[in-house]
Protein chains: 2
Amino acid sequence: MEETKSLVEQTSDQIIHFITENDLEIGDRLPNEYELSDKLSVGRSTLREAVRDLASRNILEVRQGAGTFVSDKRGIATDPLGFSLIKDQDKMIYDLFELRYILEPTMAALAAKHATGEQIKKLNILRDEIENSFKNNTEEHVELDIKFHTVIAEASGNVALLHIIPIINESIALFNKNYNILHLKIETIELHKDITKAIENHDETGALDAMTIHMANNRKEFKRIMEEK
Amino acid sequence: MEETKSLVEQTSDQIIHFITENDLEIGDRLPNEYELSDKLSVGRSTLREAVRDLASRNILEVRQGAGTFVSDKRGIATDPLGFSLIKDQDKMIYDLFELRYILEPTMAALAAKHATGEQIKKLNILRDEIENSFKNNTEEHVELDIKFHTVIAEASGNVALLHIIPIINESIALFNKNYNILHLKIETIELHKDITKAIENHDETGALDAMTIHMANNRKEFKRIMEEK
């Protein structure tokens, strides 16, 4: 497991350490090259290579002329789990729905336990916006729906879920051309209401049940579409 | 969601398409630059940039002088989920255990349903090797344990689980200096036996129960270690 790290890799690790230790947030600017190579005691060409490495890992963002910043991509790569390499994309999407089915009901129950007032407010706003997007026939609801489930992941208090849930949902949206049909609009509106209400009331089994129904509906609908193909 | 893709990004997508369409496997060699730029109708400098992009995404591996190959990393990035950016690493590991707790029992039940003879054989071999590593006090069991759970993910038949489970377990091993103590060796040996046996007998609830106990033990032990800190 233990591999010897190159100087560039060690420098990348040092920069990550610098970011977390100094509580740098998304969008914060790093010290300039001269200062940073001095702080980390590495040569500027090594530092430059490490910065390039971290930029390719979506941890840093280099803006020409403006400096180097903490990327808003939170170090999450494009298609980080290599889903684009899976040949049978329909099966993969089905499997991603199965994964959501396993994860999201428990996640909703955890959210009902831990959600803050701020998070509940966010859920209610997103829920409204999704309803409006359905009513006005805009495409926005796809992205809003991902946000809705991401806020629930955030409210669950589990940082690992917060990193994984958006990727699963974005992958489904990215690879699934049927994403739109999939949304049983009226049912979705009702279930989003039930989920939000249960989380708001800190009703753990209520959130578990509402999310289970939501996930089961989604899977059932996806299966139906696949069978019609 | 929809962004216009650059020519290099489009070429990267084309190369991925070429890999999946031609059923190229890990370690297979891609056509040389001249041939490939011709096949994809792109310039060689664009192609070269796309190859570099795919290599940084661990989809391709460029071996100087030998050619370009499908990487054995299956397109999964180093720390793909950006876990190294999370400041409170103890909490993160606890949350990763919670995630395993949610995923792995159901995964084991699915494995009991779908496991092939070949996979069951692999599980029995790994189980033996882990036991030997414990007995001989080697470090090997860490990597073997990750493999054991990865084979169960494979046996579950869910490709999304197969991509996610190794990352969760490797992250725990990578960030958790207490990984060794964590292994309640005798209990682990017994539970690995129970899990393997249940999968072998296609006993879904048996696999669910054995994996639940295994996950609960791991979490309990991790909590104990944290409290002692």
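Predicted model: local features only at pLDDT ≥ 70, side-chain atom pairs only at ≥ 80, totals over all residues.
Copies are superposed here by least squares on the C-alpha atoms of residues with pLDDT of at least 70 in both.

**How the copies are related**

A rotation of 180 degrees, with 0.0 Å of shift along its axis, places chain B on chain A with an RMSD of 0.0 Å. The two copies are thus related as by a two-fold rotation axis. Within chain B, Pro80(B) has the C-alpha nearest that axis, at 2.6 Å from it.

**Where they meet**

Which surface does each copy use? Of the interface residues of chain B, 100% are also interface residues in chain A, so the copies meet through the same surface. The size of an interface is often given as the accessible area lost when the parts come together. Here are the values for this pair.

| Feature of the chain B and chain A interface | Value |
|---|---|
| Residues in contact | 46 residues from chain B, 46 residues from chain A |
| Buried area | about 3,800 Å² |
| Share of buried area from carbon and sulfur atoms | 70% |
| Salt bridges | zero |
| Residue pairs in polar contact (both at pLDDT 80 or more) | nine residue pairs |

**What chain B brings**

On the side of chain B that touches chain A, the elements giving two or more residues are α1 (7-21), α4 (89-114), α6 (141-155) and α7 (159-175). The largest share comes from α4(B), with 10 residues. By type, the residues on this side of chain B divide into 26 nonpolar, nine polar and 11 charged.

How values were computed:
Residues numbered from 1 in each chain as written. Chains lettered and ligands numbered in written order. Heavy atoms only, no water. Contact = heavy atoms within 4.5 Å. Buried area = accessible area lost by both parts, 1.4 Å probe. Salt bridge = Lys/Arg side-chain N within 4 Å of Asp/Glu carboxyl O. Polar contact = N/O pair within 3.5 Å; in protein donor to acceptor, adjacent residues only side chain to side chain. Helix = DSSP H or I, 4+ residues; strand = E, 2+ residues; numbered from the N terminus. Nonpolar A, V, L, I, M, F, W, Y, C, P; charged D, E, K, R; others polar.
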